[in-house]
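Keep the sequence and the model side by side as you read.

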Amino acid sequence: ASRVRLAVEHAYTTRGYDLGEKADYYAEGGVPEYWVLDDVTLQLHRHHTPRDGRYSREPPLGVEDVVAVPFAPGETVRVGDLFRSDPAVAPQASSGT
């Protein structure tokens, strides 16, 4: 099993590959959670719980949605914070309430 707990990809020109073939590679490798940040639609595609080389998927999340950080129980991040264009501004995680 993989030691990676979360893989994240920013997809602009590689969206189809990241949501398809690459997701299958991560699932086959046992990565428990895989996020694709769609830089065109500003949505987060969350893949989780790999089984038989495939992920369970949820509807995409928008910039105002909040997602739980899988390796930090109780911690969440606003999806829009993951799309900040200024690399000097890191997304801020917050305690889930």
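D52 sits in the loop between β3 and β4, where strands, like helices, are DSSP runs numbered from the N terminus (E, at least two residues, for a strand; H or I, at least four, for a helix). Its phi is positive, about 55°, even though D52 is not a glycine. That's worth a second look, since most residues other than glycine have a negative phi. D52 counts as exposed, because its relative accessibility is 77% and the cut-off for exposed is over 50%; buried means under 20%, and partly exposed lies in between (1.4 Å probe, protein chains only).

Before going further, a word on ground rules. This is a predicted model, so local features need pLDDT of at least 70 and side-chain atom pairs count only at pLDDT 80 or more, while totals for chains, interfaces and linings use all residues. Residues are numbered from 1 along each chain as its sequence is written, and side-chain values use heavy atoms, with hydrogens and water left out.

L42 also takes a positive phi of about 55° without being a glycine. You'll find L42 in the loop between β2 and β3, and with a relative accessible area of 38% it is partly exposed.

Now step back for the overall layout. The protein has two helices and seven strands, and from the N terminus the elements go β-α-α-β-β-β-β-β-β. Of its 97 residues, 35% count as buried. The accessible surface is about 6000 Å² (Shrake-Rupley method, 1.4 Å probe), and carbon and sulfur atoms hold 51% of that surface. Take the contacts (heavy atoms within 4.5 Å) with a separation of 6 or more: 38% of them link residues 24 or more positions apart.

D18 belongs to α1, residues 15-19. Is D18 buried or exposed? At 2% relative accessibility, D18 counts as buried. Its side chain has polar partners, though. A polar contact here is a pair of N or O atoms within 3.5 Å; within protein, one must be able to donate a hydrogen and the other to accept it, and residues adjacent in sequence count only if both atoms are side-chain atoms. Beyond residues up to four places away in sequence, D18 touches E9, H10, A11, A23, Y34 and V36.

Follow that list to Y34, in strand β2. At 0% relative accessibility, Y34 counts as buried. The Y34 side chain reaches the backbone oxygen of D18 at 2.8 Å. Y34 and L6 are 28 residues apart in sequence, yet their C-alpha atoms are 5.6 Å apart in space. Leaving out residues up to four places away, the contacts of Y34 include L6, K22, A23, Y26, H47 and Y55.

K22 and A23 bring us to α2, residues 21-28, whose buried residues are K22, A23 and A27. They cover an arc of only 140° around the axis (taken from the directions from the helix axis to the C-beta atoms), so they lie on the same side of α2. Their cover includes β1, α1, β2, β3 and β4.

P50, in strand β3, is partly exposed at 28% relative accessible area. Setting aside neighbours within four places in sequence, P50 is in contact with A27, V31, P32 and Y55. Its C-alpha atom is 9.8 Å from that of A23, 27 residues away along the chain.

Finally, the cores. A nonpolar core is a set of buried Ala, Val, Leu, Ile, Met, Phe, Trp, Tyr and Cys residues joined through side-chain atoms within 4.5 Å. The largest has 12 residues, among them L6, W35, L37, L44, V79 and F83. A second, separate core has nine residues, including A11, A23, A27 and V36. In soluble globular proteins, nonpolar side chains tend to be buried together.
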